[in-house]
Amino acid sequence: MNEPQTKTCSTCRESKPVESFYLRRNRQGGRARQGNCKACSKAKHKRWRDENKKHLSNYSSQWYKDNQDARLVRGSRRRGMVSRAKGKFTKQQWQARLEYHGHQCRYCRRTGPMQIEHMIPLSRGGANFPSNLVPACKGCNTKKGTRTYFEFMELINES
Ligand SMILES: [Zn+2]
Ligand SMILES: [Zn+2]
């Protein structure tokens with residue numbers, strides 16, 4: 001039995017030579033032409049790939065954005081739990097504190113990446129309430145250590 005010379009694509013509805021259709025093994029062990037022409041198969045596959053790529057990259061960049069802030073907040077909450085500190089704060093509240101201080105370090109007024117600083121350290125009985133939080137640069141945060149806000153201000157004023 002001879003294969004017909006042309007076939008109508010089920011997607012673009014064009015009548016094309018059979019060579020324009022991929023041969024696929026069918027269940028009976030024979031070979032049959034696909035319903036879509038090669039061009040339509042490729043286009044369909046490409047569309048599928050593009051959609052997936054878009055979806056994947058959207059997903060991962062959004063995940064990264066969400067988790068950058070969430071990680072910061074979660075990390076402090078965890079530290080707070082260790083010393084059984086009272087209070088808690090949300091990402092939004094921390095954001096408000098940052099804005100209040102103009103995204104500057106509370107101690108040296110430098111700008112840049114800010115850390116969550118507890119004016120009264122958790123280890124000294126401070127709480128995780130937003131009012132106890134100020135932004136601090138890494139340098140000041142490290143220097144301050146377990147000093148309270150007032151102790152540290154004295155130290156800064158002396159030097
Ligand atoms: Zn087609
Ligand atoms: Zn600083």
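**Reading a fold, step by step**

Me: In what order do the elements of the protein run from the N terminus on?

Reply: From the N terminus on, the order is β-β-β-β-α-α-β-β-α-α. Keep in mind that this is a predicted model. Counting up the secondary structure gives four helices and six strands.

Me: Which residues make up the largest nonpolar core?

Reply: Look for buried nonpolar residues joined through their C-beta atoms. Here the largest nonpolar core has 10 residues, including Phe-89, Tyr-107, Met-114, Val-134 and Phe-152. Strand E6, residues 133–136, gives the most to this core, with three residues.

Me: How much of the protein counts as buried?

Reply: Of its 159 residues, 16% count as buried.

Me: Where is Leu-98 found, and why is Leu-98 called partly exposed?

Reply: Leu-98 sits in helix H2, which covers residues 91–100. To judge burial, count the other C-beta atoms within 10 Å: 20 or more means buried, 12 or fewer means exposed. Leu-98 has 16, so Leu-98 is partly exposed.

Me: What does Leu-98 touch, leaving out residues up to four places away in sequence?

Reply: With those left out, Leu-98 touches His-103, Met-114 and Pro-135. Also, the C-alpha atoms of Leu-98 and Ala-136 are separated by 9.6 Å, although these residues are 38 residues apart along the chain.

Me: And which residues does Val-134 touch, by that rule?

Reply: Not counting residues up to four places away in sequence, Val-134 touches Arg-97, His-101, Arg-106, Glu-117 and Met-119.

Me: What share of the contacts with a separation of 6 or more comes from residues 24 or more positions apart?

Reply: In this protein, such pairs account for 50% of those contacts.

How values were computed:
Residues are numbered from 1 along each chain as its sequence is written. Chains are lettered from A and ligands numbered from 1 in the order in which they are written. This is a predicted model: local features need pLDDT of at least 70, side-chain atom pairs count only at pLDDT 80 or more; totals for chains, interfaces and linings use all residues. A nonpolar core is a set of buried Ala, Val, Leu, Ile, Met, Phe, Trp, Tyr and Cys residues joined through C-beta atoms within 7 Å. Helices (H or I, at least four residues) and strands (E, at least two) are DSSP runs, numbered from the N terminus. Two residues are in contact if their C-beta atoms, placed from the backbone, lie within 7 Å.
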